[in-house]
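I opened my notebook to go through one structure step by step. Here is what I looked up, in the order I did it.

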Amino acid sequence: MIKVVHTIDEVRKQVKEWRQEGASVGLVPTMGYLHEGHQSLIKRSVEDNDKTVVSVFVNPMQFGPAEDLDSYPRDLNADTKLCEATGADLIFNPEPEEMYKEGFCSFVDMNGPTAELCGKSRPIHFRGVCTVVSKLFNIVTPDRAYFGQKDAQQLSVIKRMVTDLNVPVEIVGCPIVRENDGLAKSSRNTYLNEEERKAALILSKTIFMAQKLVEEGMKDANELISVMKKNIESEPLAKIDYVQVVDFDSITVKDTIGANTLIAMAVYIGKTRLIDNFIVSGN
Ligand code: AMP
């Protein structure tokens, strides 16, 4: 039976017991409203580790003032069922006051890889992400932690953070899980009305088109970006935040597409901001 706890002390107590039994521990950090994308991370953690902790926390620190913190969807009952069915052992669902006690004023921040892509339009976002993920690592002390390639910049930033700060946690990246029609699964897809849901397909369609062009030999990043932008602009409900080509490890802009190149986009469909990407493998 899965346990749901709300305090840091309860997590520490449980993990201490597991450690005394010699168990390995995996952590899957989430903001809840779980879907098959999250579930793929949990599955992978259950395969790799004796115990799996899923954190469900809509982290106020990573939302800008005009963003969707208050409207972000929440359903702990459904999340608990999904976690239990997938074999997770513990859900950590703290209140913001538990994570950010009175007087809180310490942060984990990063330059470099946070400057491009989402970091441009969400300037405080990665400071919030790095801070909360550091806290979760210190609370749960996992052997491994699981992040989706859906949020490719976040995955890259977290890898960089554990390298730079010598955090003894192995970061495992997991592939993007999509709806049958191609749209990347996201808790934010629930914001879309019927018309917007159809329009949102422009993201995955453009990603698949770009993937094909790269497979066929396109190397010029700016050429690819302009074809992608043109394609997105053909959808009247879509408004581009960015389409960029960067190195996946450093998140620096690249002119030439090669191995480990990240092609990423953020697009508004109506008021909903959606992201999608692919990473070029091989040479
Ligand atoms: P979130 O709850 O949106 O913060 O996501 C929690 C974790 O699940 C992050 O590491 C995401 O990258 C990952 N994730 C979300 N959607 C997907 C998806 N469609 N495929 C794979 N991973 C995902």
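This is a predicted model: local features need pLDDT of at least 70, side-chain atom pairs count only at pLDDT 80 or more; totals for chains, interfaces and linings use all residues.

These entries go from the sheet to the helices, then the aromatic rings and the cysteines.

Entry 1: I began with the strands and found an open sheet of six, in the order S1-S4-S3-S2-S5-S6, with parallel pairing. Which strands sit at the edges? They are S1 (3-5) and S6 (170-174), and each of them pairs on one side only. On average, neighbouring strands are turned by 25° against each other, if I ignore direction.

I then zoomed in on one pairing. S2 (residues 25-30) runs parallel to S3, with six bridges between them. Pro-29 has Ser-55 of S3 as its bridge partner.

**Entry 2: helices on the sheet.** I looked at H1 (residues 8-20), which packs on the sheet and touches S1, S2, S3 and S4 (90-92). The direction of H1 makes about 150° with that of S4. Next I checked H6 (residues 125-140), which lies across S2, S3, S4, S5 (144-148) and S6. H6 runs at about 150° to S2.

**Entry 3: aromatic rings.** How many aromatic pairs does the structure hold? I got four. For Phe-57 and Tyr-100, the centres are 6.3 Å apart with 40° between the planes, a tilted pair. Phe-57 is in the loop between S3 (51-56) and H3 (76-86), while Tyr-100 is in the loop between H4 (96-99) and H5 (118-121), so this pair ties together parts that are 43 residues apart in sequence.

Tyr-100 also pairs with Phe-104: their centres are 4.9 Å apart and the planes are at 85°, so I noted this pair as edge-to-face. Buried or exposed, I wondered about Tyr-100? Tyr-100 counts as buried because its relative accessibility is 16%, under the 20% cut-off. Phe-104, at 29%, counts as partly exposed.

I also noted that ring pairs link Phe-57, Tyr-100, Phe-104 and Phe-107 into a cluster. Arg-127 lies over the face of Phe-107, at 3.7 Å from the ring centre.

**Entry 4: cysteines.** How many disulfides did I find? The count is zero. Cys-130 is in no disulfide, and its nearest cysteine sulfur, on Cys-118, is 13 Å away, whereas a disulfide needs the sulfurs within 2.5 Å. Cys-174 is in no disulfide either, with the sulfur of Cys-83 nearest at 14 Å. I checked burial too: Cys-130 is buried at 0% relative accessibility, and Cys-174 is buried at 3%.

Notes:
Residues are numbered from 1 along each chain as its sequence is written. Side-chain values use heavy atoms; hydrogens and water are left out. Buried means under 20% relative accessible area, exposed over 50%, partly exposed in between (1.4 Å probe, protein chains only). Rings of Phe, Tyr and Trp (its six-membered ring) pair if their centres lie within 6.5 Å; planes under 30 degrees apart count as stacked, over 60 as edge-to-face and the rest as tilted. Helices (H or I, at least four residues) and strands (E, at least two) are DSSP runs, numbered from the N terminus. A charge sits over a ring if NZ of Lys or CZ of Arg is within 6 Å of the ring centre and within 35 degrees of the ring normal. Two strands pair if DSSP finds at least two bridges between them. Axes are lines fitted to C-alpha atoms, for helices over the stretch in contact, and angles run from 0 to 180 degrees between N-to-C directions. Contact means heavy atoms within 4.5 Å.
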